[in-house]
Amino acid sequence: MQPYIPPSSPAFEKESHIGLEPASIQARIAGDAVVRDYENKQHQLSEAIDATKYLVADLKNFNTDEWKIRYPHFNQPSDTARPGAGRRALTFADEPSSSTNVVVSSVSNERRQLKRSVTLLDESSLTEEPASVESSESEDFSILQLDLNLGATRHAKALISNLERSSISALLDNRLSAALDHLNLLHARIHDAHSRVLVTGDLNAGKSTFVNALLRHSEVMPTDQQPLTTRFVEVVSARENNDVEEVHVLDPDTKYDPADPSTYTVVPLEDLEALATDMDNDPSAPPLRVFLRENSVGTSNPSILHNGVVDISLIDAPGLNRDSIKTTANFARQEEIDVVVFVVSAANHFTLSAKEFIWQAGHEKAHLFIVVNRFDQIKDKERCRRAVMEQIKQLSPETYDDAKDLVHFVDSAKVAMGFGDEDSSADDMDSAFLYLEQSLRSFVLVNRAKSKLGPAQNYTTHLLADVELLASANCVVATQERDVALKEIDRVKPELDRMKRGKDSLEDGLVSEEESVTSAAMADAKLSLRTALDRVGRGELAEGVQMPVYPGLLGAWDYAHEVRRALLSSLDSAVRSVEDSSRGLTTDAVKTIGGLGDRHLPADVERSKRVFNSNAMFFNHSSAKGRRISGRQYVGLGLAGNSALSTVSVSDIFDLQYHLFLSDSVPSESPKLSPLKDLIPASMSNEVSGIGAASLALGAFSMAGGKTVALRTLLEGLVQLSELASNPVVRKWAGPAVGAIAVGAIAYVVYELPRSIPRNVGRHIRAELLITSGAQEGDETPFCEAEAERIGREVRKVMRLAAWDLRERFRAALEVRNEIVRQSEETAERASRALEWFTEVEQRVDLIRGQLGLRL
Ligand SMILES: Nc1nc2c(ncn2[C@@H]2O[C@H](COP(=O)(O)OP(=O)(O)OP(=O)(O)O)[C@@H](O)[C@H]2O)c(=O)[nH]1
């Protein structure tokens, strides 16, 4: 762009020898003011576009990195009872089913800039009518609208509704990118120093002559008495082509780029006439581009092509007729055309074609620049002027209102021809034409503001309104999300804190319950079994177990066997009752754990549906092979069925060793768990007949004494007896006496067998199952210990399972609440940030809108 030269500068002075006519000076001053105004507006708009670009880029980044921007739809509220202006049901494209009642407020300011906001409907203040909405269009996006090019908008809306939030956000991202690109284009456009002026009018009205006059040339554009121009010809300064005069014939199929020779064909300037007047030309073909050096004459008042601020190009159009009206009207509608100069012959006024064109073009360009040409040929100039003005008033009232600057009665031929003379210069130009030129220059600049700044202003305003609507709707949704998240935190956090506080106490409770019930069960088992074992040791049976009937001496062996079985069954029964009592203890403890669960688990957490079946305790699952547990299972030890324990030995019938060593204070039982057979000396075990009889006799003897005596004492007695035997009297009575004693003893032993066998067997069983761990008997017993351990293990197993179940539920519930709180805190923070950010966006929009509020 050419730098603006202030009116006081020498350069400006040099370029402004326009004469002293007041009208020209006035027009020039007005022109300068227009230039200054334009530059101010351009600067302001440029800043607003830049700010909008930053805003859109920020929005784009926010959408990608921080918060997937929601795309709102506004529908009529479902409760039509109180529709109220502005009340709408806000839904989001990715969540069409849930709607929120909001108030959409759209207010236009004096610059017709739409300010839109969405606020949550306060149901309590329904009596107040919400702010009015101008039209349903104000709730729709104009630039950021997501249509998928799938036809009618409502179909596109339906389709969008089915898209995911991320897809919507991606679509929005594309729209924002496109908006950014467009802003860049607009930015470039408002800094574009070019303006295009289309010169059109009736056939033979003098358009080419007028263009020549503006160009300070007599014959650039071919002129004739008959219709001549058949193609659009755009004349630009040769400065844009390295000062080379030539014609570019543009290729209709490619976009023209002066820097790319493949987009046009170069022909010499001399061929312009032939090209512009060729009857075969297609009027819709792109214009010829003519690069023209400015005429050296009148440099003090240069042609309109270059005026120090903007470069203007003039486009000479073919004369209007039925065929060319449409083409020319379309041409005039182009955004790049800043001004349409309509040339009308003073003699013909406006023809039908002219009227039709003005009518069509008037929609796009309200103001036309009208040149009433050949005014020199009119005798009654005043009448002509009145008639023409009357027509203009009808055709283009806006132009009529500004007629002083926009309607000019001139003689272009005289001006154009003037440049053919050697001596003539621009300084000699007709003052009316000079005034026309200045007016046209100002008009171009004014319209440039409209054509170049207008679209940028318009687009940016709409974009800002869309951004504002988007931000406002997202504020609503962010507020809602934040509130929901905070409410959720309020609901869950206290529960979570309570659980955290109770975690240790629950753990302590579980551990102590497990420990206490296990040790109680074990202690109970130990005590009960010890008692039972002692009873068995005395040869006594448990309740409910029958003592076998003694079958007589010959059946003593079998009797011992039966007794052994009965005693072992008694022990089995004791084990069963210990198991039963541990079942009871465990059931209570499981209930206590249930109570702990009730105390520590939140109300909505599902309690364990597991029903504790105490019958399943002590059940050998591996041997059950998936069988259902029906009724109470007694596994116990199965002592009665234990072949090792149920084997009878001789000592069960008569325990010689027990009697022999009874006098020793050392207990006869092995310090270790001994097999029963170890209790009998190996030398004696198999000699039941001879020594067995002697043993029996000795045993009987010892018992006959009413007290147990040691073998040594007995032997000492025998020694004394042998001494007595040396006495002949004693010797005489010894044989029969000993025999009688032996027989008596044997008879006694046989008589006592039904009672002694259970004692012997019981003692042996007890001895076998009993150990002494140290100095004193009965400290610990492997049987009781082992059983207590087994019972303890089983109880512990159940307790651990119950505790594990509760721990898991507690852990899961804690985790769920932790996660809810974590996510809710995250959501609340993100929503708060978004809310803050979107509020800031609304403020930024307001600020930029202020900059944009230009009256162009
Ligand atoms: N006396 C007089 N003659 C003029 C004036 N303007 C144009 N003419 C003459 O009118 C004739 C036609 O002028 P052109 O400039 O060719 O008209 P045009 O509108 O360009 O014609 P087409 O492009 O063919 O429609 C020429 O012979 C010009 O000399 C004028 O202001 N006064």
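How many strands form the open sheet, and in what order? Nine of them do, in the order E8-E7-E9-E6-E10-E5-E11-E12-E13, with mixed pairing. Here a strand is a DSSP run of E with at least two residues, a helix is a run of H or I with at least four, and both are numbered from the N terminus. Two strands pair if DSSP finds at least two bridges between them.

Before you click on, note that this is a predicted model: local features need pLDDT of at least 70, side-chain atom pairs count only at pLDDT 80 or more, and totals for chains, interfaces and linings use all residues. Residues are numbered from 1 along each chain as its sequence is written.

**Strand E12**

Now pick 369–373, strand E12, which runs parallel to E13 and is joined to it by three bridges. Look for Ile 370, whose bridge partner in E13 is Val 407. Turn to E11: that strand pairs with E12 over five bridges, again in the parallel sense, and Val 341 has Phe 369 of E12 as its bridge partner.

Is E12 enclosed or open? Five of its five residues are buried, so E12 is largely enclosed by the rest of the structure (buried means 20 or more other C-beta atoms within 10 Å of the residue's own, with C-beta atoms placed from the backbone). Show side chains: Phe 369, Val 371 and Asn 373 sit on one side, Ile 370 and Val 372 on the other.

**Helix H13**

Select 431–537. This is H13, lying across E5, E10, E11, E12 and E13, at about 145° to E11.

**The ligand**

Finally, select the ligand. Of the 21 residues around it, Gly 206, Ser 208, Thr 229, Gly 319 and Ala 413 come nearest (near means a C-beta atom, placed from the backbone, within 6 Å). Helices H5 (207–215) and H12 (412–418) each give two or more residues to this shell, and H5 has the largest share, three residues.

Technical notes:
Two residues are in contact if their C-beta atoms, placed from the backbone, lie within 7 Å. Axes are lines fitted to C-alpha atoms, for helices over the stretch in contact, and angles run from 0 to 180 degrees between N-to-C directions. A residue is buried if 20 or more other C-beta atoms lie within 10 Å of its own, exposed if 12 or fewer, and partly exposed in between; C-beta atoms are placed from the backbone.
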